[in-house]
Amino acid sequence: MTDSIFNLEQQNSSVDAKIVAGLERVGEVFRVLLWQQSRDTGLSPIQIQVLLFLAFHEPTQCKVGYLAKEFNLTKPTISDAVKVLVQKTLVDRITDPLDSRSHHLELTPAGKQMVDQTSSFANVLQGVVKSFPEEQKTVLYESLFKLIFELTQRGLIQVQRMCKTCRHYRFDGQIHYCGLLQIPLEAGLLRLDCPEHEQVL
């Protein structure tokens, strides 16, 4: 039979396969929670994700092209999602005063209310994680951080604003360090989405 983590014989004899299968289960929970929010609001999952992104990121990142890379979707797919959000008066297109061909997306007051309504959909997962001992949380986060970085290196995650892809990040083999903040970074201080991130060229 094909080599696969879904083959229970292989999965049950390999810790690697069990970890990947576990990640698939967690991803499924996230999708279910997002779909539940989708049914409650009448918005599609990607429309909800776009609203949440716009709420917490800089205007320079709130553009269709950037969003397409962020969510690993085509520009037409993101454009369709944005078109619906504009029609529902949840998002406005703001024209760049220096370039009328360029614009960014911005939440309307109704859009901000929708974010307030939807942004807590994953809180149940956070509640479970909060119950873990601090040492266990640190080990889990370090492992996830490394996994996300490796997936980025393989091109499976298009846009990343994490410490390890930032030009201010340093690592001497033992200590992580932020050159911008000029502080050592313990594992819990490493960021997955940093507002000061500057991509390594």
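1. Contacts along the chain. Take the contacts between residues at least 6 apart in sequence: 47% of them join residues at least 24 apart. This is a predicted model, and every value below is computed from it.

2. Overall make-up. The protein chain has eight helices and five strands. In sequence order the pattern reads α-α-α-α-α-β-β-α-α-α-β-β-β. The C-alpha atoms fill a box of roughly 55 × 45 × 35 Å along the principal axes.

3. Surface and burial. The accessible surface is about 13,400 Å². Carbon and sulfur atoms account for 56% of that surface. Of the 201 residues, 31% count as buried.

4. A nonpolar patch. Six side chains make a nonpolar surface patch of about 480 Å²: Val-15, Ile-19, Leu-23, Leu-140, Leu-144 and Leu-147. Two elements give two or more residues to this patch, namely α2 (15–41) and α8 (134–153). Leu-147 is placed in helix α8. Its relative accessibility is 34%, so Leu-147 counts as partly exposed.

5. Aromatic pairs, the count. The rings form four aromatic pairs. Two of them are described in the next points. A pair of aromatic rings is described by the distance of the centres and the angle of the planes.

6. Phe-30 with Phe-121. This aromatic pair is edge-to-face. The centres lie 5.2 Å apart, with 70° between the planes. Phe-30 belongs to helix α2, while Phe-121 is in the loop between α6 (109–118) and α7 (123–130). The pair therefore ties together parts that are 91 residues apart in sequence. How exposed or buried are the two partners? Phe-30 is partly exposed, because its relative accessibility is 33%. Phe-121 has a relative accessible area of 11%, so Phe-121 is buried.

7. Phe-53 with Tyr-66. Here the aromatic pair is tilted. The distance is 6.1 Å centre to centre, and the planes make an angle of 40°. Phe-53 sits in helix α3 (residues 45–56) and Tyr-66 in helix α4 (residues 64–70). The pair links distant parts of the chain, 13 residues apart. Phe-53 counts as buried, because its relative accessibility is 4%. Tyr-66 counts as partly exposed at 24%.

8. A charge over a ring. What sits over the ring of Phe-149? The charged end of Lys-164 does, 4.3 Å from the ring centre.

9. Salt bridges, the count. How many salt bridges does the structure hold? There are seven. Three of them are taken up below.

10. Arg-154 with Glu-150. These residues form a salt bridge, and their closest N and O atoms are 3.0 Å apart. Arg-154 has a relative accessible area of 58%, so Arg-154 is exposed. Glu-150 counts as partly exposed, because its relative accessibility is 31%.

11. Asp-193 with Arg-161. Their side chains meet in a salt bridge at 2.7 Å, N to O. Asp-193 lies in the segment after β5 (183–185), and Arg-161 is in the loop between α8 and β3 (169–171). So the pair ties together parts that are 32 residues apart in sequence. Is Arg-161 buried or exposed? Arg-161 counts as buried, because its relative accessibility is 5%. Asp-193, at 37%, counts as partly exposed.

12. Arg-167 with Glu-198. In this salt bridge the closest N and O atoms are 2.6 Å apart. Arg-167 is in the loop between α8 and β3, and Glu-198 is in the segment after β5. The pair links distant parts of the chain, 31 residues apart. Arg-167 has a relative accessibility of 45%, so Arg-167 counts as partly exposed. Glu-198 is partly exposed too, with a relative accessible area of 32%.

Key: Residues numbered from 1 in each chain as written. Predicted model: local features only at pLDDT ≥ 70, side-chain atom pairs only at ≥ 80, totals over all residues. Heavy atoms only, no water. Patch = residues over 30% accessible without salt bridge, like charges linked within 9 Å, V, L, I, M, F, W, Y side chains within 5 Å. Areas by Shrake-Rupley, 256 points an atom, 1.4 Å probe, with all protein chains shown as cover. Salt bridge = Lys/Arg side-chain N within 4 Å of Asp/Glu carboxyl O. Helix = DSSP H or I, 4+ residues; strand = E, 2+ residues; numbered from the N terminus. Buried < 20%, exposed > 50% of the residue type's maximum accessible area, 1.4 Å probe, protein only. Phe/Tyr/Trp six-rings, centres within 6.5 Å; stacked < 30°, edge-to-face > 60°. Lys NZ or Arg CZ within 6 Å of the ring centre and 35° of its normal. Contact = heavy atoms within 4.5 Å.
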